[in-house]
Amino acid sequence: MRVVALLFLVFLAGGASALDVSNRYRSPRNAERRVRKTTELIVLHTTEAPARSSLNKLCERGEAHYCVTEAGTVYRIVDRDRVAFHAGRSMWNGKEDVDEFSIGIECVGYHDKAMGIVQIRAIRDLVKELQKMYRIPDERVVCHSHVAYGAPNKWQKKNHRGRKRCGMLFAMPSVRAQLNLARRPAGDADVRAKRLVVGDDYLRRVLYGNVDTMKASYPKTSATPSGQEAGGGIFAWLRGGAKSPEKEKAQISAKDPPPPKPRLVPAPPPPKPVAAHPPTGVPQAPPKSIAELKARGYTLKGSVTKSVTASKIAGGRWNSKDTYYTIRNKVIPGSEIDPAHIEVGMGVWMK
């Protein structure tokens, strides 16, 4: 009991917030970034790439304030009170350049795949700490998809919401419950005010409707066990619910990827094998060939020509994840297609 009491006093002396953040990937551009005047949003991103290459890129360019890996390690990239270039072309409630009034958190993973509970808990603890610091309500914890917008192009004649699906799983109720976020944005004020139009109806239904593809991956309860502090910290360790600080530091040190090398160009991740019959609730990997498209029930709806665009063939689903483009034996999901790279001869496949 004396040991427990002593540890409790040490914990109180250090403050109730004991989130461990590593400076291993702190960006060399940090010092040149100006101090942010206001903080109104927390923006959650998905890296769409593995940890090693993501951390290297984020560090080199200073493109986020934090990065949370699959192992639950939190890395500081740019100091939280400075501007990080994470949101790109963006707008929130009529205000453009969201970088100027937000904190950006990159989470290693993909916009349409569930994250492990260890990573979810680390994201939750980081978000809660930042919410307390800046007095940010739950509905202002958003994903990149909420704020990114696209300029007019040959498919959309107006500025439009739907340029990015980055981080869209963080808009889904089942994931927000895991993050202990009780509320989410009720609607798109920029679309309502006609500053933007909807450019991706599926994304709109994810952000503000009832589309939740993560229900099967998470329990209905939140990620915080009953009676446990959100951060876990020393109390969780004393209860046996977490690793001791010494053991955790040793494991992080052993698992940490080495510091980034200048101008390092990461290799693409190896393709994952596709299960013939994936288990219920497990996302199916995208098809890799025309034969696989046919096997899954997709048919060729047409080919892009100089006079026939992808949007004429697929309509509003031209950039849907259920639409695929084929060219030179490559299969590209519509959700990943760059409009500037849609070329003549591309086949458009849909169900």
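This is a predicted model: local features need pLDDT of at least 70, side-chain atom pairs count only at pLDDT 80 or more; totals for chains, interfaces and linings use all residues.
View 1. The open sheet is formed by three strands in the order β9-β10-β11, with mixed pairing. Because β9 and β11 (197-198) each have a single partner strand, they stand at the edges, and one side of each is left without a neighbour in the sheet.

View 2. Three aromatic pairs are found when the whole structure is searched. In the pair formed by W155 and W318, the ring centres are 5.4 Å apart and the planes stand at 15°, so this pair is stacked. It links distant parts of the chain, 163 residues apart, with W155 in the loop between β9 (149-150) and β10 (160-161) and W318 in the loop between α11 (310-314) and β13 (324-327). W155 counts as buried at 12% relative accessibility, and W318 is buried with a relative accessible area of 8%. For Y298 and Y324 the ring centres lie 5.2 Å apart with the planes at 90°, so this pair is edge-to-face. Here the distant parts are the loop between α10 (290-295) and β12 (299-303), which holds Y298, and strand β13, which holds Y324, 26 residues apart. Both Y298 and Y324 are buried.

**View 3. Arginine charges over aromatic rings.** The ring of F85 has the charged end of R33 sitting over it, 3.8 Å from the ring centre. In a second case, the charged end of R89 sits over the ring of Y149, at 5.8 Å from its centre.

**View 4. The surroundings of H146.** H146 belongs to helix α4 (residues 144-147) and counts as buried, at 1% relative accessibility. When residues up to four places away in sequence are not counted, H146 touches M91, W92, R161, A171, P185, L207 and Y208.

View 5. The largest nonpolar core has 36 residues, of which I105, I123 and F170 touch the most other members. Two or more residues each are given to this core by β2 (41-46), β3 (66-68), β7 (102-107), α3 (117-134), β8 (141-143) and α7 (201-208), and the largest share, seven residues, comes from α3. With its neighbours within four places in sequence left aside, I123 is in contact with L44, V68, C107, M115, F170 and L179. A second, separate core of 13 residues includes A310, I313, I337 and M350.

View 6. The structure's salt bridges come to a count of 19. E100 and R34 meet through their side chains in one of these, at 2.1 Å, N to O. E100 lies in the loop between β6 (95-96) and β7, and R34 in the loop between β1 (21-22) and β2, so the pair ties together parts that are 66 residues apart in sequence. R205 forms a salt bridge with D201, the closest N and O atoms being 3.3 Å apart, and these two residues, four apart in helix α7, are separated by about one helical turn. A further salt bridge joins R328 to E343, with the closest N and O atoms 3.0 Å apart. R328 lies in the loop between β13 and β14 (330-333) and E343 in the loop between β14 and β15 (347-350), so the pair ties together parts that are 15 residues apart in sequence. R328 counts as exposed at 60% relative accessibility, whereas E343, at 29%, counts as partly exposed. Elsewhere, salt bridges that share partners join R161, D188, D190 and R195 into one network.

Terms used. Residues are numbered from 1 along each chain as its sequence is written. Side-chain values use heavy atoms; hydrogens and water are left out. Rings of Phe, Tyr and Trp (its six-membered ring) pair if their centres lie within 6.5 Å; planes under 30 degrees apart count as stacked, over 60 as edge-to-face and the rest as tilted. Buried means under 20% relative accessible area, exposed over 50%, partly exposed in between (1.4 Å probe, protein chains only). A charge sits over a ring if NZ of Lys or CZ of Arg is within 6 Å of the ring centre and within 35 degrees of the ring normal. Contact means heavy atoms within 4.5 Å. Two strands pair if DSSP finds at least two bridges between them. A nonpolar core is a set of buried Ala, Val, Leu, Ile, Met, Phe, Trp, Tyr and Cys residues joined through side-chain atoms within 4.5 Å. A salt bridge is a side-chain nitrogen of Lys or Arg within 4 Å of a carboxyl oxygen of Asp or Glu.
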